[in-house]
Amino acid sequence: MEVDTGKLIGAEALVRWEHPEFGMISPGDFVPVFERNGFIYHLDLFVWRKACRMLREWKEMGAAAVPISVNVSRIDLYHEDLLESLLGMVRENGLDPGELHLEITESAYVKDSVQLVTVIRRLRQDGFVIEMDDFGSGYSSLNTLSELPIDTLKLDLNFLRQAEHQPRRQKVMRLIIDLARELRLQVVAEGVETEAQAALLKAMGCRYAQGYLFGRPMPEERFFREYLGKQGLKGR
């Protein structure tokens, strides 16, 4: 959301596993397993296809659709067909690559900086928007911001929570926001749960945020009804 106006600017696709025997399984339980056994790429392909289909259907229904952010695992970066797969999906659904935002975690850069920079440059050249997720969750460095060709910086939610009560953290966060602005990066604060946190972000000059204050994870149908529907349907 845009903090000042409450305007919807994007959405993030989150995966959940509803198991017939064990019920709802958290991604925190099954994603690490999939990363170890290599199945994560197949899961990500499923999510990317689903996101592209949603974007197409929203447009067909006349909605003023917003871009969807999807996660790209560190494992995905090793697949030679990554770019072709993503381009194929957006073209099949009549989308612009810029409508699908690709989230890559800061930790992936730390472990595979050369590989990551090469892949991201190719993705950006073809029009995809690149977001660095969880910035501030690990050993963030100026190298990350100066070397990695990204479009959006997403601040880790724990960083925000600690900054709320620690003046020193607030100063660091404000400097990161100012630096990102100088680098012409969009900054999105994650994990915003209270009006006080939103006010703090506004005072720091952070224009965009996501979190439970604005909406909890929900099925596609509810998201369309409660968010896209409120923005109106074009031509209706």
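Residues are numbered from 1 along each chain as its sequence is written, and side-chain values use heavy atoms, with hydrogens and water left out. Because the model is predicted, local features need pLDDT of at least 70 and side-chain atom pairs count only at pLDDT 80 or more, while totals for chains, interfaces and linings use all residues.

**Exercise 1. State how many helices and strands the chain has, and what share of its residues is buried.**

Step 1. Helices (H or I, at least four residues) and strands (E, at least two) are DSSP runs, numbered from the N terminus. The chain has ten helices and nine strands.

Step 2. Buried means under 20% relative accessible area, exposed over 50%, and partly exposed in between (1.4 Å probe, protein chains only). Of the 236 residues in the chain, 43% are buried.

**Exercise 2. Describe the packing of helix α2 against helix α3.**

Step 1. Axes are lines fitted to C-alpha atoms, for helices over the stretch in contact, and angles run from 0 to 180 degrees between N-to-C directions. For α2 (residues 40-60) and α3 (residues 82-92), the angle is about 25° and the axes are 9 Å apart.

Step 2. Angles under 35 degrees count as roughly parallel, over 145 as roughly antiparallel, 65 to 115 as roughly perpendicular and the rest as oblique. The pair α2 and α3 is therefore roughly parallel.

Step 3. Contact means heavy atoms within 4.5 Å. From α2 the contact takes Tyr41, Leu45, Trp48, Arg49 and Cys52, and from α3 Leu82, Ser85, Leu86, Met89 and Val90.

Step 4. The buried residues of α3 are Leu82, Leu83, Ser85, Leu86, Leu87, Met89 and Val90. These buried residues pack against α2, β5 and α5 (113-125).

**Exercise 3. Determine how helix α8 is oriented to helix α9, and which residues join them.**

Step 1. The axes of α8 (residues 167-182) and α9 (residues 195-204) cross at roughly 55° and come within 10 Å. Helix α8 is therefore oblique to α9.

Step 2. Helix α8 contributes Gln170, Met173, Arg174, Ile177, Asp178 and Arg181 to the contact, and α9 contributes Leu200, Leu201, Ala203 and Met204.

**Exercise 4. Identify the residues that touch the most other members of the largest nonpolar core, and the element that gives the most to it.**

Step 1. A nonpolar core is a set of buried Ala, Val, Leu, Ile, Met, Phe, Trp, Tyr and Cys residues joined through side-chain atoms within 4.5 Å. The largest has 63 residues, of which Trp48, Trp58, Val70, Leu100, Leu102, Phe128 and Leu153 touch the most other members.

Step 2. With nine residues, α2 gives the most to this core.

**Exercise 5. Locate His101 and decide whether it is buried or exposed.**

Step 1. His101 is in strand β5 (residues 100-105). Its relative accessible area is 12%, so His101 is buried.

Step 2. Neighbours within four places in sequence aside, His101 is in contact with Pro67, Ile68, Ser69, Val70, Val129 and Glu131.

**Exercise 6. Examine the positive phi values of Asp134 and Arg184.**

Step 1. Most residues other than glycine have a negative phi. Asp134 has a positive phi near 60°, and Arg184 one of about 60°.

Step 2. Asp134 lies in strand β6 (residues 129-135) and is partly exposed, at 26% relative accessible area. Arg184 is in the loop between α8 and β8 (186-189) and counts as exposed, at 78% relative accessibility.
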